[in-house]
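Hi everyone, thanks for making time.

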Amino acid sequence: MQRNLLLGVEAIGQAAVDAGISGVYAYPGTPSTEITEYIQENKTAKERNIHRVWSANEKTAMEAALGMSYAGKRSMVCMKHVGLNVAADVFMNMAITGINGGLVVTVADDPSQHSSQNEQDSRFYGKFAMIPVFEPSNQQEAYDMTYEAFDFSERTGLPVMMRITTRLAHSRSGVVPKLLQPENRLKLPENQMQFMLLPAYGKKYYQNLLDKQEQLLSLSEESTYNTFTEGTDFSLGIVCCGIAFNYLMENYPDGKCPYPVVKISQYPAPEKWLKKLEAECDELLVAEDGYPLIEELMRDYFGKGKKVCGRLSGALPRKGELNPDHLAKALGKEKSVHFHSPEILVGRPPSLCAGCGHQDTYVALNEVLEDVGAGRVFSDIGCYTLGALPPYNTINTCVDMGASITMAKGAADAGLKPVFAVIGDSTFTHSGIIGLLDCVVEKSNVNIIIVDNEAVAMTGGQDSSAKGRIEKICEGVGVDPDHIRLFVPLKKNHEEIVRILKEEMIFEGVSVIIGRRECIQRISRLKKMNKKTNEK
Ligand SMILES: Cc1ncc(C[n+]2csc(CCOP(=O)(O)OP(=O)(O)O)c2C)c(N)n1
Ligand code: SF4
């Protein structure tokens, strides 16, 4: 039997192609990015001309995926956990419209915040929207569950969420693939008003969603991915969600855990198994790679005073990624067979690459700030966020994508002047444009610096929707063309950059100052790729 060595994210990409998707829609974000990159390079995806171009943001991605589903075809939308906040409006509402072609929402969470602003747990969103959530415990399940999720979505008429976490996304294992399915034919929804959420329809569809909950629960209780494993020692019952099951079993290399175990990989949580475990065992341990969703449920669910341990009780760390050692400690075992970093490795703060254009912008901006004082640079998310660290210490905020412009506006409204916003080209088209419109409408006193490296550099140098469009977008939104300024962030242009910043700083109104130089990492990557293609 053919077995491919795949990352969790690659397994999901391969499964989606094999399940017959006609499109993947996504905005990059670690640890989800490589799902789309995998499909972009996949042979079948190319032959079938599956849609696989990056979207401007997660909301546009999800809406396009819903549009493809409306047309009867299968689609997948991928994002990192915070991306789901951006897409939350359509996400909540499409649970109510339901789907036509199978639709899978793949969300990659990042407990421990390896590369994120927070470690929110997307399972709560799934519960909030009342849709089925799949949470694989290993790469094979990531493949199998994604493959089946499209069919499941069509059978239940609902979008399905695939929730994974960083470790599963970025570790490899052998994966056995299934047969390639044909794509769906174009087929409009039978009910032409299915996607019409006027209140009169919306109320009816919401009731439909509520009515489906019982069916979702019984599907979850029958699911082969949710299991009850009998034990011999009833002093403890264990619940493991997703990858936490893998971490538990790493502590039992012979595969024999003495305690009864409920493995949850499909939600709503299988009540039947949880009740059985609760009835049979003296105490309960709940292990989940994320927030204590099930632990809270177990505590409040039964209300009989049974001891429930987990992240809330302190048996497991309250935050961050779980690992097999955490489980070992909670079970009172010696440390598991777990790999540790050698002592010789020391932590190293991230820094901008030598020769990166963002450095030249910050050196100039720091000089300008010497005259007016620090604490007035609202920034955003991207490589340029590293300007918060020494040796620059230039920027003061990084909250969510697009917030630089709007927070700068609010501070300007409060009377702070001058005020700077620093935003990358991709973040600008992701969500900065709308904030710019607010500034233009109110003629806010803000100086917006777009650090345009013609790439989505932080997530690996993907194409940026902004490329070649920024000046026209700014003009179109209503920025005075005399106050759309351009510079090339290079050391030799330092005096000129400082002059432009000083000139715009005293202007009363919105100015946009664009520093444009391509990311040097992207240049060298593209060169290598071209060389490889020419050698073939
Ligand atoms: C809502 C959301 N989606 C995705 C991400 C992941 N992410 C971090 S920075 C970034 C874009 C960076 O591109 P750009 O603004 O052009 O800056 P650069 O890194 O190129 O300097 C992305 C996609 C995120 N943090 N939040
Ligand atoms: S990857 Fe590109 S944008 Fe990011 S720090 Fe390096 S050179 Fe700068």
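Let's begin at the surface, where Met 193, Met 196 and Leu 198 form a nonpolar patch. Together they have about 240 Å² of accessible area, computed by the Shrake-Rupley method with a 1.4 Å probe and, for residues, only the protein chains shown as cover. Patch members have over 30% relative accessible area and no salt bridge; like charges are joined within 9 Å, and nonpolar side chains (Val, Leu, Ile, Met, Phe, Trp, Tyr) within 5 Å. A salt bridge here is a side-chain nitrogen of Lys or Arg within 4 Å of a carboxyl oxygen of Asp or Glu.

A word on bookkeeping: this is a predicted model, where local features need pLDDT of at least 70, side-chain atom pairs count only at pLDDT 80 or more, and totals for chains, interfaces and linings use all residues. Residues are numbered from 1 along each chain as its sequence is written, chains are lettered from A and ligands numbered from 1 in the order written, and side-chain values use heavy atoms, leaving out hydrogens and water.

Back to Met 193, which sits in the loop between strand E7 (172-175) and helix H10 (199-222). Helices (H or I, at least four residues) and strands (E, at least two) are DSSP runs, numbered from the N terminus.

Now for ligand 1. It is surrounded by 25 residues, each with a heavy atom within 4 Å of it; the closest are Glu 58, Cys 383, Asp 425, Thr 427 and Ala 457. By class, that shell has 12 nonpolar, 10 polar and 3 charged residues. Ala, Val, Leu, Ile, Met, Phe, Trp, Tyr, Cys and Pro count as nonpolar, Asp, Glu, Lys and Arg as charged, and the others, Gly among them, as polar.

Which atoms does ligand 1 have 2.9 Å from one of its oxygens? One is a polar backbone atom of Cys 383, another a polar backbone atom of Ser 426, and there is also an N or O atom in the side chain of Asn 453. Taken alone, ligand 1 exposes 590 Å², and the protein buries 98% of that.

Ligand 2 has a shell with 7 nonpolar, 3 polar and no charged residues. Cys 383, Asn 453 and Ala 457 are among the residues around ligand 2.

Last stop, helix H1 (residues 8-18): 11 of its 11 residues are buried, meaning under 20% relative accessible area. Among them are Glu 10 and Asp 18. After H1 comes Gly 20, with a positive phi near 90°.

Terms used. A polar contact is a pair of N or O atoms within 3.5 Å; within protein, one must be able to donate a hydrogen and the other to accept it, and residues adjacent in sequence count only if both atoms are side-chain atoms. Buried means under 20% relative accessible area, exposed over 50%, partly exposed in between (1.4 Å probe, protein chains only).
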